[in-house]
Amino acid sequence: QVQLVESGGGLVQAGGSLRLSCAASGRTFSSYQMGWFRQAPGKEREFVAAINWSGGSTNYADSVKGRFTISRDNAKNTVYLRMNSLKPEDTAVYYCAAVRRIGQVATLPEDKYDYWGQGTQVTVSS
């Protein structure tokens, strides 16, 4: 069982930056691929970024590529999402998710992720 707790959301002006954190419980964090997803009001949840178990492999949605960076610290059981050059359309609830998987990062649909956090709100004002 893995419990995920996100933090770091808030209100920021367009062009600003935020860093989200997702702290995981358990001793097997390094066996999990981690992902970030987001859900804007009235829209379906969408993939944002993912990182493999070691941190050596990542992928991103086209909408955030070049602006967001996913990273992880396995010693701290934490995954991060650094968000730069934020836009109003980045406004959403951001969720982290975990799936037990070793190897290169894979683009997986959300129903393949086993564990989810409660989400953290990010609001970008224009």
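Trainee: Is Thr78 buried or exposed?
Mentor: Thr78 is buried, at a relative accessible area of 9%, where buried means under 20% relative accessible area, exposed over 50% and partly exposed in between, with a 1.4 Å probe and protein chains only. Keep in mind that this is a predicted model, in which local features need pLDDT of at least 70 and side-chain atom pairs count only at pLDDT 80 or more, while totals for chains, interfaces and linings use all residues. Residues are numbered from 1 along each chain as its sequence is written, and side-chain values use heavy atoms, with hydrogens and water left out.

Trainee: Which residues does Thr78 touch?
Mentor: Leaving aside residues up to four places away in sequence, Thr78 touches Ser21, Cys22, Ala23, Phe29, Arg72 and Asp73, contact meaning heavy atoms within 4.5 Å.

Trainee: And where is Thr78 found?
Mentor: Thr78 is in strand β8; strands (E, at least two residues) and helices (H or I, at least four) are DSSP runs numbered from the N terminus.

Trainee: How do β7 and β8 pair, parallel or antiparallel?
Mentor: Strand β7 (residues 68–73) and strand β8 (residues 78–83) pair in the antiparallel sense over 6 bridges, and two strands count as paired if DSSP finds at least two bridges between them. They form a hairpin with 4 residues between them, and Asn77 in the turn has a positive phi of about 50°. Arg72 has Val79 as its bridge partner in β8.

Trainee: Which residues of β7 are on the covered face?
Mentor: Phe68, Ile70 and Arg72 are on the covered face, whereas Thr69, Ser71 and Asp73 are on the uncovered one. In a regular strand, side chains alternate between the two faces of the sheet.

Trainee: Switching topic, how many salt bridges are there?
Mentor: The count comes to 5, a salt bridge being a side-chain nitrogen of Lys or Arg within 4 Å of a carboxyl oxygen of Asp or Glu. One of them joins the side chains of Asp90 and Arg38 at 2.9 Å, N to O. Asp90 lies in the loop between β8 and β9 and Arg38 in strand β4, so this pair ties together parts that are 52 residues apart in sequence.

Trainee: Are those two buried or exposed?
Mentor: Asp90 is buried, with a relative accessible area of 0%, and Arg38 counts as buried at 5%.

Trainee: What else is linked with Asp90?
Mentor: Arg38, Glu46, Arg67 and Asp90 are linked in a network of salt bridges. Within it, the side chains of Arg67 and Asp90 meet at 2.8 Å, N to O, and both residues are buried.
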